[in-house]
Amino acid sequence: MLIAQLSDTHVSTPEGPEDVVLHTSEHLARAVAHLNRLQARPDLVVITGDLVDRGEVGEYERLRELLAPLRMPVYLLPGNHDHRDNLRRVFADHSYLPRAGFLQYTVDDGPVRLVALDTHIPGEPGGRLCGERLAWLDARLAEQPQRPTLVAMHHPPFASGLALMDAFGLDGSDGLAAVLRRHAQVERVVCGHLHRPIVRRFAGTVACTCPSTRHQLALDLPPAHRLALAMEPPACMLHLWLGDAGGLVTHVSLIHDKYPPLVVHDGQGWVRNPQVPANFHPA
Ligand SMILES: [Fe+2]
């Protein structure tokens, strides 16, 4: 089973700054094309929040158009830039989305179970897992204790060292850790929010964040104390289940067409890829 993760797509309407300056919609279209042409076809796609930039209906309508070409099921969850009811309204046919309350759900179609959490707090950049949301998670995880599970949510439950972003972190991470320690089947906690690939051990499992499909946050580690957008390559994550023996392996997949395989092993030796022009020089 292969689970693709996109994050922080920040789709805007055509006049919005995200579209004019950052071209987020164009880059989501590239991400969709990237997933569609992977030789290993993902079984599903989960987008871990900040789906749109201002939570407006028009932005969700555009998001819907951009996701339409995906050849596999897509599952949405909210980030701090989202708006629960507008998301629900535009994606009313996404039957996994609850019609009221928090946007939390499970997907049980493959060997790896997906459990999506809602960390959204209206109008605030940080996130929260309150008692109600954590109790829901605890109950869902208790349902299938033997099944490998991937928990997806927007705000990561750990500090990253990106100081200004850590100020917009997750309230309730201790409670989440307590729940996860009771359920050893959680293979991964996958998040967004930080617009970078970051990995940390967390409560007996592995937590990671996914790059954005467009703009990344500059890697300003302590003692730096600033927040900057960097036009580093867009990327997504591919979570590959290799069975009970192989476990869940997470890859970062750059979204680009600039770096084709230059040299290929044909079984006997390394040969130059004939599909790449002789004058090709990687940047
Ligand atoms: Fe974001």
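Select Asp50 first. Asp50 is buried, because its relative accessibility is 2% (buried means under 20% relative accessible area, exposed over 50%, partly exposed in between, with a 1.4 Å probe and protein chains only). The model is predicted: local features need pLDDT of at least 70, side-chain atom pairs count only at pLDDT 80 or more, and totals for chains, interfaces and linings use all residues. Residues are numbered from 1 along each chain as its sequence is written, and side-chain values use heavy atoms, with hydrogens and water left out.

**The iron ion**

Now show the iron ion. Asp8 (OD), His10 (NE2), Asp50 (OD) and His195 (NE2) coordinate the iron ion at 2.1 to 2.3 Å. Donors here are N, O and S atoms within 2.8 Å of the metal (3.2 Å for Na, K and Ca); water is not among the atoms, so sites may look incomplete.

Look at the angles. The four donor atoms subtend 86 to 173° around the iron ion, so the arrangement is irregular. Four donors count as tetrahedral if all angles lie between 85 and 135 degrees; four count as square planar and six as octahedral if opposite donors are over 155 degrees apart and all others between 65 and 115; anything else is irregular.

Along the sequence, the donor residues follow the spacing D-x1-H-x39-D-x144-H. Asp50 and His195 link distant parts of the chain, 145 residues apart. Asp50 sits in the loop between β2 (44-48) and α3 (57-67). His195 sits in the loop between β9 (186-191) and β10 (198-202). Helices (H or I, at least four residues) and strands (E, at least two) are DSSP runs, numbered from the N terminus. His195 is buried too, at a relative accessible area of 5%.

**Helix α3**

Select α3 next. Its buried residues are Glu59, Tyr60, Leu63, Leu66 and Leu67. Look down the axis of α3: these residues fall within an arc of 115°, so they line one face of the helix. The arc is that of the directions from the helix axis to the C-beta atoms. What covers them? Show α2 (24-36), β2, β3 (74-77) and α4 (84-90), which are among the covering elements.

**Pro122**

Go to the loop between β5 (113-116) and β6 (127-128), where Pro122 lies. Is Pro122 buried or exposed? Pro122 counts as exposed, at 58% relative accessibility.

**Zoom out**

Show the whole chain. It has eight helices and 17 strands. Of its 283 residues, 54% count as buried. The C-alpha atoms fill a box of roughly 60 × 50 × 45 Å along the principal axes.

Terms used
Contact means heavy atoms within 4.5 Å.
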